[in-house]
Amino acid sequence: MSTRADQALERQASPWLFASAVATAAPHVSHQAYWLSAISLLLLLWAVRLWWKDERLPGRWLLILLVVAGCAGILIEFRTLFGRDAGVAMLVVFMAMKLLELKSRRDAMVVVVLGYFLLLTHYLYSQNIPTGIWLLFALWLLTTTLIRLHGGPSNTGGASLRYAARLCLQAIPFMLVLYLLFPRISGPLWGLPSDAHAGMTGLSDSMSPGSISRLAQSADIAFRARFIDASPAKHKLYWRGPVLENFDGTTWRPHTGQGAAATLDRMSPPVRYELTLEAHNQRWILALDAPVSLPEGIFLNAALAATQRQPVTERQRFALAASLDYRFNADEDPRTLQRNLSIPAQANPKTRALALGWRQTGLRPEEIIRKAQDLFAAEFTYTLQPPLLGSNGIDEFLFVTRRGFCEHYAGAFVFLMRAAGIPARVVTGYQGGELNPLDGHLVVRQSDAHAWAEVWLEGRGWLRVDPTASVSPARIETGIVDALAFGEPLPALVQLRADWLRNLRYRWEAVNNAWNQHVLGYDPQRQRELLSRLGLPDTDWRSLATLMGIVCGILLAATTAWTLYQRPRIDPALRLWHKALRQLARRQVHCAPWETPMALAQRVREQHPELGEAFQNVVDAYLRVRYGDANDNLTPLRDAVARFEQ
């Protein structure tokens with residue numbers, strides 16, 4: 001005997017399954033390889049054609065061959081069948097393949113369940129507002145399809161959509177309770193695949209010509225800052241990242257060994273602020289230079305960069321403070337000074353000779369620094385499109401091309417200083433930012449990525465020197481847009497000049513920031529703060545589970561009561577008629593669905609004469625109430641049913 005799940009699938013249900021598959025899988029097109037998306041689309045179109053022409057579905061062996069080919073393609077593309085990208089690609093392809101064997105209701109249920117599961121995978125790539133809105137629509141469509149599958153061919157699409165909307169609305173209170181009371185987990189979700197954080201863009205731990213200029217062409221937000229007091233001037237906003245001390249002639253890298261502890265003397269009152277850092281899969285925090293107050297778990301390394309032990313794989317919020325005027329390591333470790341004087345032998349001979357000439361003339365370190373700054377201010381151009389450089393890149397940059405971005409100026413300046421006998425190193429990070437007047441947050445984008453230099457002077461310690469400011473003061477004072485010539489490859493989002501477009505961007509980013517801060521940023525600390533305001537200061541996972549169960553139980557009872565109250569009331573005359581029919585059923589007389597009351601009375605008189613007269617009285621009274629003038633008088637019908645029961 002076949003079960004309901006084995007029943008053949010109604011033809012009218014297939015379009016809903018096709019639409020659900022598209023809604024749940026389409027957003028993954030931006031993350032998948034194009035050939036995988038193309039194959040999924042072809043499989044979907046094939047399934048639609050088979051349904052439209054009412055043709056026979058592919059055989060089992062052809063489906064097995066498609067599965068093997070799909071797995072092989074995914075294995076070739078990702079070198080594995082596991083992980084985030086490979087796993088999602090397999091789910092999308094299998095969803096398309098499943099549409100080619102839609103024969104029974106069980107097959108359709110597999111597609112629906114697979115669609116629900118695919119909805120979760122979108123949050124591995126994006127958690128923004130458009131993603132949430134799209135997934136709510138896909139959830140509604142999937143639920144409609146589920147209702148349509150169980151409603152039979154007589155159930156219309158409009159009725160299914162309305163019913164699914166009511167169910168989703170009824171689920172919202174439960175969703176809010178689970179969101180607010182479910183015990184929050186500190187850190188990233190357990191069990192995420194190893195490549196779940198792959199593809200994150202941000203500042204690298206090395207610098208070579210072109211590395212920062214490529215990053216500067218992105219409008220993605222690196223972090224936001226909200227100052228507790230007045231916001232400092234833009235030219236003072238240096239957000240410190242990796243400090244690079246080792247140079248191999250082409251690439252600058254950080255020193256990997258241990259150094260002496262940083263000694264910082266504050267020379268100005270601290271500036272307090274809150275930093276919301278986007279995930280960049282690195283350990284540095286990009287604090288304002290120089291950090292003087294750090295939260296638990298954040299520490300300063302020997303180069304004054306704020307770091308934590310684990311990479312930043314999710315958006316994090318920190319309360320920090322900085323002193324914008326400071327003295328750092330006036331008494332430096334001799335090994336650190338020696339390391340920051342090292343340059344590759346035989347590299348860039350012209351630059352080495354220039355710096356050596358400055359040193360041999362007896363100039364003091366401060367004067368050599370000014371010489372280098374004057375050199376850059378003379379005939380150099382700040383650009384995102386510098387020409388390619390050869391093996392002696394700094395020589396070519398200083399004496400031939402004279403066109404470069406901040407990494408060119410910082411690297412060449414540090415090389416000059418080291419060749420002149422002044423300890424120096426490259427500092428990478430971000431500079432400036434754009435204040436959003438709507439929410440008061442300073443937005444720092446990847447396009448604000450920057451590199452500058454630090455030199456060590458006896459008695460004064462490490463001093464910041466930004467050679468880019470000598471070439472293009474506008475880059476430091478107002479931002480990268482004003483510093484570059486027209487036509488440079490900056491994103492359109494960064495180059496907005498029309499007031500209405502800029503205001504529109506401000507509003508959208510303020511909404512996104514509120515979403516990030518209050519929805520995605522609802523962490524264990526904020527949960528504890530909320531429960532404390534509700535009078536529950538000390539809660540563990542057991543008490544939270546109990547509270548969650550109680551609240552959900554109350555909501556369930558309220559929803560059930562409301563549903564019962566909204567249920568259409570049975571007509572009292574019809575209820576009395578059904579009562580009489582139950583009496584007949586006890587005497588083995590059953591009313592067929594097509595049988596009228598008069599036909600039933602005739603059959604009762606013929607088969608059970610002893611009941612004929614009493615039941616005829618019930619039928620006459622029921623018909624008078626239903627079709628006569630006594631619609632409001634149920635007494636005769638009620639008396640007739642009572643006599644029939646006796």
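Tutor: Two strands pair if DSSP finds at least two bridges between them. Keep that in mind for this predicted model.

Student: OK. How many bridges join E8 to strand E11?

Tutor: Two bridges, and the strands run antiparallel.

Student: What order do the six strands of the open sheet take?

Tutor: The order is E8-E11-E6-E1-E17-E16, with antiparallel pairing. Strands E8 (291–293) and E16 (434–435) are the edges, each pairing on one side only.

Student: Which helix lies across E1, E6, E11, E16 and E17?

Tutor: Helix H17, residues 499–520. Its angle to E1 is about 85°.

Student: Switching to rings. How many aromatic pairs does the structure hold?

Tutor: There are 22. Take Phe223 and Trp239: ring centres 5.1 Å apart, planes at 65°, so the pair is edge-to-face. Phe223 is in strand E1 and Trp239 in strand E2, 16 residues apart.

Student: Are those two buried or exposed?

Tutor: Phe223 and Trp239 are both buried. They also belong to one aromatic cluster with Phe227, Tyr273 and Tyr430.

Student: And what about the rings of Tyr238 and Trp452?

Tutor: Their centres are 4.9 Å apart and their planes at 75°, so that pair is edge-to-face. Tyr238 lies in E2 and Trp452 in E18, so the pair ties together parts 214 residues apart in sequence. Both residues are buried.

Student: Which charged end sits over the ring of Tyr238?

Tutor: That of Arg464, 4.1 Å from the ring centre.

Student: Last one. Why does Val113 count as exposed?

Tutor: Because its relative accessibility is 51%, and exposed means over 50%. Val113 is in helix H5.

How values were computed:
Residues are numbered from 1 along each chain as its sequence is written. This is a predicted model: local features need pLDDT of at least 70, side-chain atom pairs count only at pLDDT 80 or more; totals for chains, interfaces and linings use all residues. Side-chain values use heavy atoms; hydrogens and water are left out. Helices (H or I, at least four residues) and strands (E, at least two) are DSSP runs, numbered from the N terminus. Buried means under 20% relative accessible area, exposed over 50%, partly exposed in between (1.4 Å probe, protein chains only). Contact means heavy atoms within 4.5 Å. Axes are lines fitted to C-alpha atoms, for helices over the stretch in contact, and angles run from 0 to 180 degrees between N-to-C directions. Rings of Phe, Tyr and Trp (its six-membered ring) pair if their centres lie within 6.5 Å; planes under 30 degrees apart count as stacked, over 60 as edge-to-face and the rest as tilted. A charge sits over a ring if NZ of Lys or CZ of Arg is within 6 Å of the ring centre and within 35 degrees of the ring normal.
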